[in-house]
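Reader: I am new to this structure. Please show it to me, and then let me ask about the terms.

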Amino acid sequence: MTSPLSGSSDAGSGGTGSPFLKIDTSKPHPARMYDYFLGGKDNYEVDRDAAEQFIKAAPEVRDGVRANRHFMHRAVRHVVAEGGVRQILDIGTGLPTEPNVHQIAHSIAPATRVAYVDNDPIVSTHSMALMADADTDSGTDAHTSVVLADLRDPRAVLDHPDVRKIIDFDEPVALLLVAVVHFLADADDPDAVVATLRDALPVGSYLVLSHATGDVHEDRREDAASVYNKASASLNLRPHARVLDLFGDFTLLDPGLVPVPDWRPEEPPKRDAPPIGIYGGVARKNG
């Protein structure tokens, strides 16, 4: 690992200067496992070992995370190009994997503002490094913010000064909760967490959400999900009806809540493609 990952990091947000937080390498972390599934190198042995256990129980996982990533790409392009949204709040962003949300959005509308939020100091460190390396002439650094915060405390996310610096909640916002809510246990009350975030959004905003499920596999992938019991967050697979509830009274765009490869695909499905146990949907807040 390179030096920014080895010890403590300035895990503040957008350079405001927070106390140093130590990166915990004693347990697998979902963001680092996801990075491994995608073929990244920003992970530790503990993450790789857990990820390999998951792959044995759910061999389709690499196809699944790629399909989820492509769903996010299509959804961001839609809310920016068709929905006209010019600000995005991405909670549970994970480690940077190009193209990132701001890159997709800026390719359509360069003035789009993006606030990234994650609870892992490694994510914060890498995301801030990505912003620092961006071409300042493009204005990327002026339109993005990186915040270390936890989805379990949605009010703190919404009120964070480096979120407020980027996001104007009087104007439409695209809220991204991509492959993150399934790391909230029922005890965390995910319905209330997501409702708090939804309620903060004005009319014309969008919710982009994907969530793992056991619906499409006979074994419901319970053995795979149990791998996360030793991680920093458990994996909580939920059925279609429960995921649908997370959208509240927002209006789902066609084709509704579907497996992520089926949300407005740009290419025909491969005949030998495995079933993907991740639902995805995009919904709009109407008046």
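Reader: What classes of residue line the second largest pocket?

Author: Its lining divides into 12 nonpolar, two polar and nine charged residues. Here Ala, Val, Leu, Ile, Met, Phe, Trp, Tyr, Cys and Pro count as nonpolar, Asp, Glu, Lys and Arg as charged, and the others, Gly among them, as polar. This is a predicted model, where local features need pLDDT of at least 70 and side-chain atom pairs count only at pLDDT 80 or more, while totals for chains, interfaces and linings use all residues. Residues are numbered from 1 along each chain as its sequence is written, and side-chain values use heavy atoms, with hydrogens and water left out.

Reader: What makes a space a pocket, and what makes it a cavity?

Author: Both are sets of points on a 1 Å grid over the protein atoms alone. In a cavity a 1.4 Å probe fits but cannot get out. A pocket is an open set with protein on both sides within 12 Å along at least five of seven lines. Lining residues have an atom within 4 Å of a point.

Reader: Which residues lie nearest the centre of the second largest pocket?

Author: They are Ala67, His70, Pro261, Pro269 and Lys270, out of 23 lining residues. Helix H3 (residues 61-82) gives the largest share of the lining, seven residues. A helix here is a DSSP run (H or I, at least four residues), and a strand is one of E, at least two; both are numbered from the N terminus.

Reader: How much space lies in the largest cavity, and what lines it?

Author: About 30 Å³. A volume is the space filled by probe spheres set on the points, which are joined across faces, edges and corners. Among the lining residues are Thr93, Tyr116, Asp118 and Ser124. S4, helix H5 (121-133) and strand S5 (144-148) each give two or more residues to this lining.

Reader: Why is Phe54 called buried?

Author: Buried means under 20% relative accessible area, exposed over 50%, and partly exposed in between (1.4 Å probe, protein chains only). Phe54 is at 9%, so it counts as buried. Tyr228, at 5%, also counts as buried.

Reader: What makes Phe54 and Tyr228 an edge-to-face pair?

Author: Rings of Phe, Tyr and Trp (its six-membered ring) pair if their centres lie within 6.5 Å. Planes under 30 degrees apart count as stacked, over 60 as edge-to-face and the rest as tilted. The centres of Phe54 and Tyr228 are 5.6 Å apart and their planes are at 85 degrees, so this pair is edge-to-face. Phe54 is in helix H2 (residues 45-57), and Tyr228 is in the loop between helix H9 (222-226) and helix H10 (240-245), 174 residues apart.

Reader: Why is the pair of Phe183 and Tyr228 called tilted?

Author: Their ring centres are 5.5 Å apart and their planes are at 45 degrees, so the pair is tilted. Phe37, Phe54, Phe183 and Tyr228 form one aromatic cluster.

Reader: What makes a set of residues a nonpolar core?

Author: The members are buried Ala, Val, Leu, Ile, Met, Phe, Trp, Tyr and Cys residues, joined through side-chain atoms within 4.5 Å. The largest such core has 32 residues, and Leu89, Ile91, Leu151, Leu177 and Val181 touch the most other members. H8 supplies the largest share of this core, three residues.
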